[in-house]
Amino acid sequence: MICDLCKKNQAVMRYTEVRDSRNTEYNLCRECAELKGLAKSLNLALSSLGDMLAGMIRDISSEQDDDNAAQCPKCGLALTDFKKLGRLGCPGCYQVFNASLKPLVRQIHGINDHLGKAAPASGKIKAAPSENRVERLRQELQAAVLKEEYERAASLRDQIRQLETSGAK
Amino acid sequence: MNLPDNGIQGLIGQEAGWLKTPDSDPGVVISSRVRLARNLAEHLFPGRSEQDERSLVREEIRKASSSVNYFGDAAFFDLEVLTQLDMTVLWERRLISSDLMDKKNGTGVLVGRNQSLDLMINEEDHIRMQSLLPGLDLIEAFRIVDQVDDQLQQRLEMAYSPEWGFLTCCPSNLGTGLRASLLIHLPALVRAKKIEKLLNQLECQGILVRGFYGEGSEVAGDIFQISNRATLGRNELEIIENVERVGRSLMEQELETRRYIMDRARRQTEDNIWRAFGILANARMLSTQEYLELSSSLRLGIALELFPRRRLNALNKLLIITQPAHLQIMLDARMEAPERDGERAKMVRAIMADFV
Ligand SMILES: [Zn+2]
Ligand SMILES: [Zn+2]
């Protein structure tokens, strides 16, 4: 077996990487394994989104068998491809596969409505972030004083002053 | 940032902004990161498009980004022309993902703001931009990346639907496209064996946890990464505040456990930390794994005031430069593991010489 990275050396180990939402398996040679280093973000196996997603896609597969042949006219992706890959091909896919995606999206996010920032072209007014940095620091300051963490309180107070003076300019 | 001919050397020579922990920060949360995923409305996602289209997308994004304030002095790296080692340096500095390293063709990364802001082009999505700050400060990290997004959207039409928000290649990033994550150092909770139960509970709060460094299911250096799971159905601030709240609560429990340990087992704890220091100050060979584990004790030692607070930045810096690709580029030599372990030990000894 040849190493998947350098495509040159003999692979000596099999390596499963869990990133964001996907499991990728590699066969690595000694050198590439070292180079990738142990600093690779390896999963704690506590909560793998990848496994969860794969399971969900399998679930919807059984419910939605009728339109498996459907294909996105823009990118050519078929619904069956999506079920295999868990990835869409283009923005248009979301329209074409809307009915199949709905239950999946609900399962991943618990909800189907976008409540965040809107694109300018959508005509929606961007919800202004209501955060107030100074206000937040004040709350922290109060908590620090209550806990008698005076050093921290002093530094928070300095930060607030700094922000207030820089804001006044 | 003025980059010499060798851009990678330039990056290594410059201390990344997110490594400088402010003195007011308790040092439990190492860094805060907010990432946004975006796609251009008129193009296929990178995984589905041909190289020509990817190159076109890359040009469009580069052109648009030239008008983004924060990218005024940004460096651009074309992954097609970088060596594996150079790419690994970018990865070790947390500027690119390993996915981007595997894709190469038509990809690139823009790095700005002292390496605390970067934008990956043609990873899984056309645009993955992230802001990385020291300590616990997700809201500021979001503010920066949100501004970049606003400015990009003046020039680029992003894929968006009113129902599902910003459209991403994987449905798990849909909506806000926002992933907020904290790198958090929890040595006392690990030593007190409280960590597993705590982290398992986080799942019900919509939080993903993983060990940041480590092999298999092991966690090295007691460093964890927590982030939001859902990206749709809440607004950006709700997502961020949830992660920040969980991070703050973990931080408080960590600090409380440190006090408890120092009350109950001060001598053992101090002994353990000084032994770690002894090894780091004298070892002739250090693997990355061993370095991570021992330096976790030193980090704890700083918090417990056994070492000066200002040494924290030296530890942060070592976290980056003791990694395999950094070592090789800095020493300008291709090295096998045993040789690297020797050079790593030398580098660490030099820092330990005036650590106390
Ligand atoms: Zn290899
Ligand atoms: Zn499509």
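Author: With burial: a residue counts as buried when its relative accessible area is under 20%. The model here is predicted. In helix α10 (residues 312–321) of chain B, the residues under that cut-off are B:Leu312, B:Leu315, B:Asn316, B:Leu318, B:Leu319, B:Ile320 and B:Ile321.

Reader: How many of the ten residues of α10(B) is that, and what follows for the helix?

Author: Seven of the ten are buried, so α10(B) is largely enclosed by the rest of the structure. When reading such a list, keep the helix geometry in mind. An α-helix has 3.6 residues a turn, so residues three or four places apart point the same way.

Reader: What does α10(B) pack against? Take the helix α9(B).

Author: For a helix pair, read the axis distance and the crossing angle. The axes of α9(B) and α10(B) come within 10 Å and cross at roughly 165°. An angle over 145 degrees counts as roughly antiparallel, which is why α9(B) is called roughly antiparallel to α10(B). The crossing is left-handed.

Reader: Which residues make that contact?

Author: From α9(B) they are B:Tyr291, B:Leu292, B:Ser295, B:Leu298, B:Arg299 and B:Ile302, and from α10(B) B:Leu312, B:Leu315, B:Asn316, B:Leu318 and B:Leu319. By class, this contact of α9(B) with α10(B) has eight nonpolar residues, two polar and one charged.

Reader: At what angle do α8(B) and α9(B) cross?

Author: Helix α8 (residues 236–282) of chain B and helix α9 (residues 288–303) of chain B cross at roughly 130°, with their axes coming within 9 Å. That angle makes α8(B) oblique to α9(B). This crossing is left-handed. On the α8(B) side the contact involves B:Arg258, B:Asn272, B:Ile273, B:Ala276, B:Phe277, B:Ile279 and B:Leu280. On the α9(B) side, the residues include B:Glu290, B:Tyr291, B:Leu294, B:Ser295 and B:Leu298. The contact of α8(B) with α9(B) divides into ten nonpolar, four polar and two charged residues.

Reader: Now a strand. How is burial read for β4(B)?

Author: For a strand, ask about each face separately. In strand β4 (residues 117–121) of chain B, B:Leu117, B:Leu119 and B:Ile121 point one way, B:Asp118 and B:Met120 point the other way, and all are buried. That is five of five residues, so β4(B) is largely enclosed by the rest of the structure.

Reader: Which strands pair with β4(B), and in what sense?

Author: Look for bridges and for the strand directions. Strand β3 (residues 108–112) of chain B runs antiparallel to β4(B), and five bridges join the two. Here B:Gly112 stands opposite B:Leu117. Strand β5 (residues 127–134) of chain B also pairs with β4(B) in the antiparallel sense, over five bridges. In that pairing B:Met120 stands opposite B:Arg128.

Reader: What is the make-up of chain A?

Author: Chain A has seven helices and two strands, and from the N terminus on its elements run β-β-α-α-α-α-α-α-α. Of its 169 residues, 44% count as buried.

Conventions. Residues are numbered from 1 along each chain as its sequence is written. Chains are lettered from A and ligands numbered from 1 in the order in which they are written. This is a predicted model: local features need pLDDT of at least 70, side-chain atom pairs count only at pLDDT 80 or more; totals for chains, interfaces and linings use all residues. Side-chain values use heavy atoms; hydrogens and water are left out. Axes are lines fitted to C-alpha atoms, for helices over the stretch in contact, and angles run from 0 to 180 degrees between N-to-C directions. Helices (H or I, at least four residues) and strands (E, at least two) are DSSP runs, numbered from the N terminus. Angles under 35 degrees count as roughly parallel, over 145 as roughly antiparallel, 65 to 115 as roughly perpendicular and the rest as oblique. A crossing is left-handed if the near helix is turned anticlockwise from the far one by less than a right angle, and right-handed if clockwise. Contact means heavy atoms within 4.5 Å. Ala, Val, Leu, Ile, Met, Phe, Trp, Tyr, Cys and Pro count as nonpolar, Asp, Glu, Lys and Arg as charged, and the others, Gly among them, as polar. Buried means under 20% relative accessible area, exposed over 50%, partly exposed in between (1.4 Å probe, protein chains only). Two strands pair if DSSP finds at least two bridges between them.
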